[in-house]
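Subject: Structure handover

Hello,

Here is the structure for you to look through. My notes on it follow below.

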Amino acid sequence: MYLNYPVSGFILGAFALAGIIYLTKDYVTVLTSSEPPRTISLLISFLIWAFTIAIVLISDLHGSSFKVLYFVPVIYAAINHGQKYGLIFSLLCVIPLIIPDLLHYSPEGVNKALEADLVLSLIIFLAAWLIGGFLDIERETIKKLADMANRDDLTGLWNKRYFYYALEDMFTQAKKENSNLSLVLADVDYFKTYNDALGHLEGDKVLKKIGEIIGREVPAGAVAARYGGEEFSVLLPGYSSQQALAVAEQIRKEVENYPFFGKEYQPAQKITLSLGIATYPVHAKTSMELIRRADDALFRAKSVRKNRTEIYFSVLDELCAAYNSTGEDLLSTLKTLLSIIQAKDRYTRGHSERVTEYAVVVGEYLKLPGEELNTLRLSAFLHDIGKIEIERELLNNPLPLNEEERLLFQQHPVWGAEIIRSVPLLGKCTPIILAHHENFDGSGYPCGLKGEAIPLGARILRVVDSFDAMATNRPYRRALTVSRCLEELRRGAGTLYDPEIVTAFLNVSERIFQLLAS
C-alpha cells in the first residue's frame, strides 16, 4: 500500500519543520531571558511560518487540508517569544487561513469551510494567548526569583554572588574588546565603633543609606554590590583609573556630607568611606588579581588616614619597570619575598612602599649617585622583610609589647639581613637593612652603631621609617598629625636621627606630604 502524494508531502513537511526547529534551537530567545527577541530568533520564527504556509497551500491544491499545522509557528513563537509575539503570529496564520474562504464566499447557503476556519482561528488565538501568557508569567517569576537571589536584602544593591558573576562577564568582555575595566572597593571607616555605640539596627540603617547613595551615584552600565559586612564594590566597564576616581570621589563626598544619625560618635564626627581602585589591564591581568589590587589600594587608603580614595600603586611595579631582563632573577626574588611578608602582615606591605617613596625623595635631594639610589630603593622596600620570622598574632597585636616581645621584635633587622645576604643580587642592601634601627647616639639596635658608623642609607631609613610609623594608623594607636610628626623628628635629631638627614627631610617635606595625601 502506497501513501498518496499529499500525505507524503505532509509527512515530509512535518519532518522538515521539526528539523528546522531542532537545528535552530540555540538561536532562539530562551525562556528565562528578559531581553527582547534577537533578530535571528525572529527570522527563524518567520521562516517556520512561511514554511508552514507553503505546506498548507500545497496540500490544499492537492485536495488535502493540513490547516492544523498553523498551530506550529504560533506555539513556537508563543513559547520562545511570549504572548505578544504569539498573538502576532496567530494573526499572520489566520490571515492566509480566512482569505481563501472569503474569496470563495457565496451568499447562498451556509459556508461550512468558513465556519470551520473561524473556529480554528479562535482556537489558534486562544492557544497563543494562553501559552504565551502562562510562559510570560513563568518568565517573570523566574526573573524575580533570580533577582531576589542576586540582591542584597538590606541595601538593595547586588550581592557578592552576582558581583563575581558580573566581574567574570565584564572581564571577559574587556579582554575581548581590549578595553578598561575598573573596580572600586569601599569600606565604612570605624564602623565597629558606630555599631558598638548605637547598636546594629542603627548600623544597618547606615549601610542601607550608603547603598542608596552608591546606587544613585554610579553611572549606567556599572554594577554596584554589597561586597561584605560594611564593604561595597562597583564595577565600571570602560572606565580608566582617573574616570573611576571621579565616580569614587563623588560617592565618598556624598557619604561624608550626609547627616547620619549618631555621627558624632565617630572619631571624625562623621560617617566616611575609604575606597580603593584598580583597573584592567593597567594594574591586573586576571579578575582575581584585579580584586587583590583594589583591596591593596583600599588597605592603603585605610592605613594612612581613612576617608580617602586610593588608586592602586606598587613600588614593586616600579622596580619591575626599572630593571631590564637581566634582573629577572631579582624581580622573581622580590615578588616571592613580598608574597611571604604580605601573607603575615598587610600593614608592612603598604608601609614598605611608602617608606621607599619617601627614602627616594630624600636620596634625590641629597644627590645620591644612581647606583646608591637604587640600593636605597631596594633596601627601603625590603627593610622589614625580617618580620616574616615573627608570628602573625604578634605582628597584629593591638596591645603594647612586653619585654620579651620587644626583644623578639628587635631581632627582625638581623633576620632580614640574613635573608637578603643569601640573595647575591641584593648583597649591597644587607648593611642598610641590618642597621635601619640604629640610633645616631648609639642607643639603637641590633649593634649599637653610632654616628657615621651607621650606613647613610640606614640613617635615611631611620628617619622616613619613623615618620611613616607616626603618620599612619597602627593597631595600637591612631596616626599623629603631620605637624606633630615633624616636631617628633626635630626632637629626635642628634639622638635618634642624623640631624642632617632630618634637615633634608624637612626641606623636602612638601613633596613627602603630597605623596602621603595622593
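Two residues are in contact here when heavy atoms of theirs lie within 4.5 Å. Take the contacts in the chain between residues at least 6 apart in sequence: 68% of them join residues at least 24 apart. Please keep in mind that this is a predicted model.

**Overall make-up**

The chain has 518 residues, and 48% of them count as buried. It holds 22 helices and five strands.

**Aromatic pairs**

A pair of aromatic rings is described by the distance of the centres and the angle of the planes. Rings pair here if their centres lie within 6.5 Å. By this rule there are twelve aromatic pairs. One of them is Phe46 with Trp49: the ring centres are 6.3 Å apart and the planes stand at 90°, so this pair is edge-to-face. Both residues belong to helix 2 (residues 39–61), where they are three residues apart, so about one helical turn separates them. Phe46 is partly exposed, because its relative accessibility is 36%. Ring pairs also bring in Phe89, which forms a cluster with Phe46 and Trp49.

Tyr358 and Phe467 make another edge-to-face pair, at 5.8 Å centre to centre and with 75° between the planes. Tyr358 comes from helix 13 (residues 346–365) and Phe467 from helix 19 (residues 456–471), so the pair ties together parts 109 residues apart in sequence. Are these two residues buried or exposed? Tyr358 is buried, at 1% relative accessibility. Phe467 is buried as well, at 0%.

**Charges over rings**

There are two cases to look at. The charged end of Arg151 sits over the ring of Trp158, 3.7 Å from the ring centre. The charged end of Lys160 sits over the ring of Tyr227, with 4.6 Å to the centre.

**Helix packing**

Two packed helices are described by the angle between their axes and the distance between the axes. Start with helix 20 (residues 482–492) and helix 21 (residues 499–507). Their axes come within 9 Å and cross at roughly 155°. Angles over 145 degrees count as roughly antiparallel. Helix 20 and helix 21 are therefore roughly antiparallel to each other. The crossing of helix 20 past helix 21 is left-handed. Which residues meet there, from helix 20 and helix 21? Helix 20 supplies Leu486, Leu489 and Arg490, and helix 21 supplies Val502, Phe505 and Leu506.

Now turn to helix 8 (residues 200–217) and helix 9 (residues 241–257). Their axes come within 10 Å and cross at roughly 145°. Helix 8 passes helix 9 in a right-handed crossing. On the helix 8 side, the residues in contact are Ile210, Ile213, Ile214, Arg216 and Glu217. They meet Val247, Gln250, Ile251, Glu254 and Val255 of helix 9.

**Ile123 and Phe71**

Ile123 is in helix 5 (residues 112–150). Its relative accessibility is 42%, so Ile123 counts as partly exposed. Ile123 and Phe71 are 52 residues apart in sequence. In space, 9.1 Å lies between their C-alpha atoms.

**Backbone points to check**

Most residues other than glycine have a negative phi, and most peptide bonds are trans.

- Tyr280 and Pro281 are joined by a cis peptide bond, with omega about 5°. Pro281 is in the loop between strand 4 (273–280) and helix 10 (287–304).
- The bond from Tyr445 to Pro446 is cis too, with omega near 15°. Pro446 is in the loop between helix 18 (430–434) and helix 19.
- Asn307 is not a glycine, yet its phi is positive, near 50°. Asn307 is in the loop between helix 10 and strand 5 (309–311). It is buried, because its relative accessibility is 17%.
- Lys367 also has a positive phi, near 60°, and is not a glycine. Lys367 is in the loop between helix 13 and helix 14 (370–382). With a relative accessible area of 70%, Lys367 is exposed.

Best wishes

Technical notes
Residues numbered from 1 in each chain as written. Predicted model: local features only at pLDDT ≥ 70, side-chain atom pairs only at ≥ 80, totals over all residues. Heavy atoms only, no water. Phe/Tyr/Trp six-rings, centres within 6.5 Å; stacked < 30°, edge-to-face > 60°. Helix = DSSP H or I, 4+ residues; strand = E, 2+ residues; numbered from the N terminus. Buried < 20%, exposed > 50% of the residue type's maximum accessible area, 1.4 Å probe, protein only. Lys NZ or Arg CZ within 6 Å of the ring centre and 35° of its normal. Axes fitted to C-alpha atoms, helices over the stretch in contact; angles between N-to-C directions. Parallel < 35°, antiparallel > 145°, perpendicular 65-115°, else oblique. Left-handed = near helix turned anticlockwise from the far one by under 90°.
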